[in-house]
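Me: I have a structure open and would like to go through it piece by piece. Can you help me read it?
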Amino acid sequence: MPTVKYDEIYRELRREIETGVYTKELPAERVLTEKFNCSRNTVRRAVAELEQNGYVQSAHGSGVFILFREPERPERTDFKFSDVESMKEAAERANLNISTRVVYFTELVTDAETAALTGFPVGEEIYYLRRVRYLDGEALILDHNYFLKSVARGLSPKIAEASIYEYMEKILKEKIVTTQRKYTVELASDLDREYLNLGDYNCIVMVSGRTFNSKGVQFEYTRSRHRADRFAFYGQVRRRKPEI
């Protein structure tokens, strides 16, 4: 097996944890380096990412213990605060069928108002699109996506209905590294009511995020509006050692 990057090892170990290959602890570091034909440092980076995202906990001298548990409410789709995860990846992890419909697609040049909203400088060329996300055939998410044209080169409605992140990573060879997110509850807008199956709900959970590549360039700003009863957002933090 050729040497793989730490994020590929992270994804494979995450998949194995979620599917029950490992339920109590990870194999020893030596075993993982042999399995993935990589250095100890590469394995350690992958394990550190698993720990940051709440899958494992390292205990010095004792091993790496599995913390992941199946979602308590399987009718909800779980999103992690700390993971840079696409909608397609989250749906696949939850064993849900996902489809996407692009309802609006255009190219813009940022003015002062758009720059203040997105964080892109004034005068940047961007793509703006709206996408409806269907989970098991039900319209549950309305995305407002803004992508920097110089990074998301050649973006099209067809690509956006498949997976933008997959296109960027596999075709454009971009490394998607960091996302800053904000979570709010808001009253449903006219667009929400037009495109989403809101039922009796008059509010949505809005997740706004800025995403950066390996060069520290913000290439995306997204406002993702979710039907409130169908999603759970969670994360894990570690308590700092108190100062004595």
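Me: Let's start with the hairpin of β1 and β2. Which residue there takes a positive phi?
Reply: That is G61, with a phi near 85°. The hairpin has 3 residues between its strands. Keep in mind that this is a predicted model.

Me: How many bridges join β1 to β2, and do the strands run parallel or antiparallel?
Reply: There are 4 bridges, and the strands run antiparallel. Strand β1 covers residues 56-59, and strand β2 covers residues 63-66.

Me: And what is the bridge partner of V56?
Reply: V56 is partnered with I66 in β2.

Me: OK, helices now. At what angle do the axes of α1 and α2 cross?
Reply: At roughly 115°, and the axes come within 12 Å. Helix α1 is residues 6-18, while helix α2 is residues 29-36.

Me: What do I call that arrangement of α1 and α2?
Reply: Roughly perpendicular. Angles from 65 to 115 degrees are put in that class, so α1 and α2 belong there. As for handedness, α1 passes α2 in a right-handed crossing.

Me: Which residues meet there?
Reply: From α1, I9, E12, L13 and E16; from α2, L32, K35 and F36. Sorted by class, the contact of α1 with α2 has 4 nonpolar residues, 3 charged ones and no polar ones.

Me: What about α1 and α3, at what angle do they pack?
Reply: About 50°, with the axes 8 Å apart. Helix α3 spans residues 40-52. At that angle, α1 and α3 are therefore oblique to each other. Here too there is a handedness to note: α1 passes α3 in a right-handed crossing.

Me: Who makes the contact on each side?
Reply: On α1 the residues are Y6, I9, Y10, L13, R14 and I17. On α3 they are T42, R45, A46, E49 and L50.

Me: How many of them are nonpolar, polar or charged?
Reply: For α1 with α3, the count is 7 nonpolar, 1 polar and 3 charged.

Me: Switching to a single residue. Where does T33 lie?
Reply: In helix α2.

Me: Why does T33 count as buried?
Reply: Because its relative accessibility is 12%, and the cut-off for buried is under 20%.

Me: What is T33 in contact with, leaving aside neighbours within four places in sequence?
Reply: T33 is in contact with C38, S39, R40 and V43.

How values were computed
Residues are numbered from 1 along each chain as its sequence is written. This is a predicted model: local features need pLDDT of at least 70, side-chain atom pairs count only at pLDDT 80 or more; totals for chains, interfaces and linings use all residues. Side-chain values use heavy atoms; hydrogens and water are left out. Two strands pair if DSSP finds at least two bridges between them. Helices (H or I, at least four residues) and strands (E, at least two) are DSSP runs, numbered from the N terminus. Buried means under 20% relative accessible area, exposed over 50%, partly exposed in between (1.4 Å probe, protein chains only). Contact means heavy atoms within 4.5 Å. Axes are lines fitted to C-alpha atoms, for helices over the stretch in contact, and angles run from 0 to 180 degrees between N-to-C directions. Angles under 35 degrees count as roughly parallel, over 145 as roughly antiparallel, 65 to 115 as roughly perpendicular and the rest as oblique. A crossing is left-handed if the near helix is turned anticlockwise from the far one by less than a right angle, and right-handed if clockwise. Ala, Val, Leu, Ile, Met, Phe, Trp, Tyr, Cys and Pro count as nonpolar, Asp, Glu, Lys and Arg as charged, and the others, Gly among them, as polar.
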